[in-house]
Amino acid sequence: MRLVLLGPPGSGKGTHGKRLAESLRVPLISTGEILRQAIAEGTRLGLAAQEDVKAGRLVADSTVLGIIETRLGQKDAASGFILDGFPRTTAQADGLAALLGERKIDRVVNLVVPAETVVNRLKDRWLCGSCGAIYNLSTAPPRVAGTCDVCGGVLKQRADDRPETVRARLEVYERETAPLVQYYERLGVLRNVDAAGPAEKVFSAVQQALGKVAA
Ligand code: AMP
């Protein structure tokens with residue numbers, strides 16, 4: 001199963017991607033997560049990307065395609081994968097198709113959420129610094145404030161989840177990434193899912209959108 005999760009920041013790509021990866025037994029590959037880790041470790045990639053990530057701008061296509069080429073070349077991605085946050089431009093989608101060759105993308109699930117919902121969700125979003133579990137203080141809070149239910153790690157907010165940066169990220173999404181809806185529609189692999197409701201309901205709809213390709 002080769003799956004792409006499409007949708008604006010805060011649409012639930014990470015949350016649903018994680019659950020799907022567990023049930024389908026394929027890796028969840030998030031370019032945002034790889035970049036944040038590189039920034040935290042101060043690697044050359046991290047230093048090159050940090051200004052763009054902080055400002056909510058896209059990192060260069062060639063950089064992100066390099067990350068994906070390396071990651072897809074690893075053994076655990078041989079039988080399938082879920083992409084979260086990639087591709088984000090038509091150049092990246094073309095690059096992905098070239099990398100995959102005969103192996104086509106089976107399904108693209110587009111998580112559809114209004115902009116106001118996203119801004120509201122992201123201001124309450126907290127992540128575990130150790131295992132990456134995602135919480136929302138109003139809809140899915142941790143049992144103990146500031147502590148991860150799963151691993152006991154310390155919860156933190158993302159620097160780019162501040163409302164002004166979220167607005168910049170949404171603009172970038174509309175301009176650069178939204179055209180991918182048509183791109184994958186033309187290839188006949190796109191399914192739209194209403195992702196504004198509660199997580200459980202959205203997850204069922206995502207599973208339905210995968211249909212036979214997940215069997
Ligand atoms: P995300 O975690 O997917 O919201 O990504 C966080 C940030 O990482 C984005 O706002 C971009 O600055 C950068 N980023 C992640 N994925 C990509 C990508 N495919 N292309 C360009 N920049 C990306």
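**Reading the model**

Tutor: Val-53 is buried, its relative accessible area being 17%. Keep in mind that this is a predicted model.

Student: Why does 17% make Val-53 buried?

Tutor: Buried means a relative accessible area under 20%, and Val-53 has 17%, so Val-53 is buried.

Student: In which helix is Val-53 found, and which residues does Val-53 touch?

Tutor: Val-53 belongs to helix α3, residues 44-55. Leaving aside residues up to four places away in sequence, Val-53 touches Leu-35, Ile-39, Val-59 and Asp-160.

Student: Which loop holds Arg-25, and is Arg-25 buried or exposed?

Tutor: Arg-25 sits in the loop between α1 (13-24) and β2 (28-30). With a relative accessible area of 74%, Arg-25 is exposed. The backbone angle phi of Arg-25 is positive, about 55°, although Arg-25 is not a glycine.

Student: And Thr-139, buried or exposed?

Tutor: Thr-139 is exposed, with a relative accessible area of 67%. The loop that contains Thr-139 runs between β6 (134-136) and β7 (155-156). Thr-139 and Arg-121 are 18 residues apart along the chain, and their C-alpha atoms are separated by 8.7 Å.

Student: How many disulfides does the whole structure have?

Tutor: A search of the whole structure finds zero. Cys-148 is in no disulfide, and the nearest cysteine sulfur, that of Cys-131, is 3.7 Å away. Cys-151 is in no disulfide either, and the nearest cysteine sulfur there, that of Cys-128, is 3.6 Å away. The cut-off is needed here: a disulfide is a pair of cysteine sulfur atoms within 2.5 Å.

Student: What is the accessibility of Cys-148 and of Cys-151?

Tutor: Cys-148 counts as buried at 4% relative accessibility, while Cys-151 is partly exposed at 40%.

Student: How does one look for a pocket?

Tutor: Rolling a probe the size of a water molecule over the atoms shows where empty space is left. In this structure, the second largest pocket has about 170 Å³ of space. Its lining includes Ala-93, Ala-97, Leu-100, Tyr-183, Tyr-184 and Leu-187.

Student: Which elements give two or more residues to the lining of the second largest pocket?

Tutor: These are α5 (90-100) and α8 (179-186). The largest share, three residues, comes from α5. By type, the lining divides into eight nonpolar residues, one polar and two charged.

Student: How do I read a helix such as α8 for its buried residues?

Tutor: An α-helix has 3.6 residues a turn, so residues three or four places apart point the same way. In α8 the buried residues are Leu-180, Val-181, Tyr-183 and Tyr-184. Viewed down the axis of α8, they fall within an arc of 165°, so they line one face of the helix.

Student: What do the buried residues of α8 pack against?

Tutor: They pack against β1 (2-6), α5, β4 (107-112), α7 (163-177) and β8 (190-194). After α8 comes Gly-188, which has a positive phi near 75°.

Student: Which peptide bond is cis?

Tutor: The bond from Phe-86 to Pro-87 is cis, with omega near -5°. Pro-87 lies in the loop between β3 (81-84) and α5.

Note on methods. Residues are numbered from 1 along each chain as its sequence is written. This is a predicted model: local features need pLDDT of at least 70, side-chain atom pairs count only at pLDDT 80 or more; totals for chains, interfaces and linings use all residues. Side-chain values use heavy atoms; hydrogens and water are left out. Helices (H or I, at least four residues) and strands (E, at least two) are DSSP runs, numbered from the N terminus. Buried means under 20% relative accessible area, exposed over 50%, partly exposed in between (1.4 Å probe, protein chains only). Contact means heavy atoms within 4.5 Å. On a 1 Å grid over the protein atoms alone, a cavity is a set of points where a 1.4 Å probe fits but cannot get out, and a pocket is an open set with protein on both sides within 12 Å along at least five of seven lines; lining residues have an atom within 4 Å of a point. Grid points are joined across faces, edges and corners, and a volume is the space filled by probe spheres set on the points. Ala, Val, Leu, Ile, Met, Phe, Trp, Tyr, Cys and Pro count as nonpolar, Asp, Glu, Lys and Arg as charged, and the others, Gly among them, as polar. The arc is that of the directions from the helix axis to the C-beta atoms.
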